[in-house]
Amino acid sequence: RPLTFSKPKPLVEFCNKAIVLHQIEALAAVGVDEVVLAVNYKPETMAAEMAEIEKKYGVKVTISKEDEPLGTAGPLALAKAHLVTAGATDDPFFVFNS
């Protein structure tokens with residue numbers, strides 16, 4: 001069975017840590033304090049894992065749920081409401097794909 005049979009791809013371990021954890025650790029280390037994740041497969045599992053990561057790293061994690069897979073760039077449009085806040089439309093953001 002594939003590794004993603006029972007868990008979303010970002011939670012598959014690489015070097016004994018979930019792929020997404022490597023990314024969030026790196027972001028937290030440089031001062032990022034908010035992350036938006038586009039999630040389609042097993043959103044409940046991702047939300048539960050992200051709750052623990054939020055506490056451990058002090059990073060707010062917002063789940064932007066895809067009702068159907070939108071491809072690589074599609075989730076950006078879906079997450080736009082989370083990325084653009086009143087008066088902060090020029091703030092930079094990172095895009096990762098795991």
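N16 counts as exposed, at 70% relative accessibility (buried means under 20% relative accessible area, exposed over 50%, and partly exposed in between, with a 1.4 Å probe and protein chains only). The place of N16 is in the loop between strand 1 and strand 2, where helices (H or I, at least four residues) and strands (E, at least two) are DSSP runs numbered from the N terminus. Phi of N16 is near 65°, a positive value in a residue other than glycine. C15 is found in the loop between strand 1 (13-14) and strand 2, and C15 likewise has a positive phi, of about 55°, although it is not a glycine. With 54% relative accessibility, C15 counts as exposed.

The model is predicted: local features need pLDDT of at least 70 and side-chain atom pairs count only at pLDDT 80 or more, whereas totals for chains, interfaces and linings use all residues. Residues are numbered from 1 along each chain as its sequence is written, and side-chain values use heavy atoms, with hydrogens and water left out.

Helix 1 spans residues 19-29, and V20, L21, Q23, I24 and L27 are buried in it. Viewed down the helix axis, the buried residues of helix 1 fall within an arc of 160°, so they line one face of the helix; the arc is that of the directions from the helix axis to the C-beta atoms. The cover over these buried residues includes strand 2 (17-18), strand 3 (34-39), helix 2 (43-57) and strand 4 (60-65). Just after helix 1, G31 takes a positive phi of about 95°.

Not counting residues up to four places away in sequence, L37 touches V20, M46, M50, V61, T62, I63 and S64, contact meaning heavy atoms within 4.5 Å.

Pockets were also examined. On a 1 Å grid over the protein atoms alone, a pocket is an open set of points where a 1.4 Å probe fits, with protein on both sides within 12 Å along at least five of seven lines; lining residues have an atom within 4 Å of a point. Grid points are joined across faces, edges and corners, and a volume is the space filled by probe spheres set on the points. About 1300 Å³ of space lies in the largest pocket. Of the 40 residues that line the largest pocket, V36, L37, A38, P75 and F96 are the closest to its centre. Strand 3 gives the most to this lining, with six residues. The lining of the largest pocket divides into 26 nonpolar, nine polar and five charged residues, where Ala, Val, Leu, Ile, Met, Phe, Trp, Tyr, Cys and Pro count as nonpolar, Asp, Glu, Lys and Arg as charged, and the others, Gly among them, as polar.

The second largest pocket has a volume of about 250 Å³. L11, A18, L21, E49 and I53 are the closest to its centre among the 14 residues that line it. Helix 2 gives the most to this lining, with six residues. By class, the lining of the second largest pocket has six nonpolar, two polar and six charged residues.
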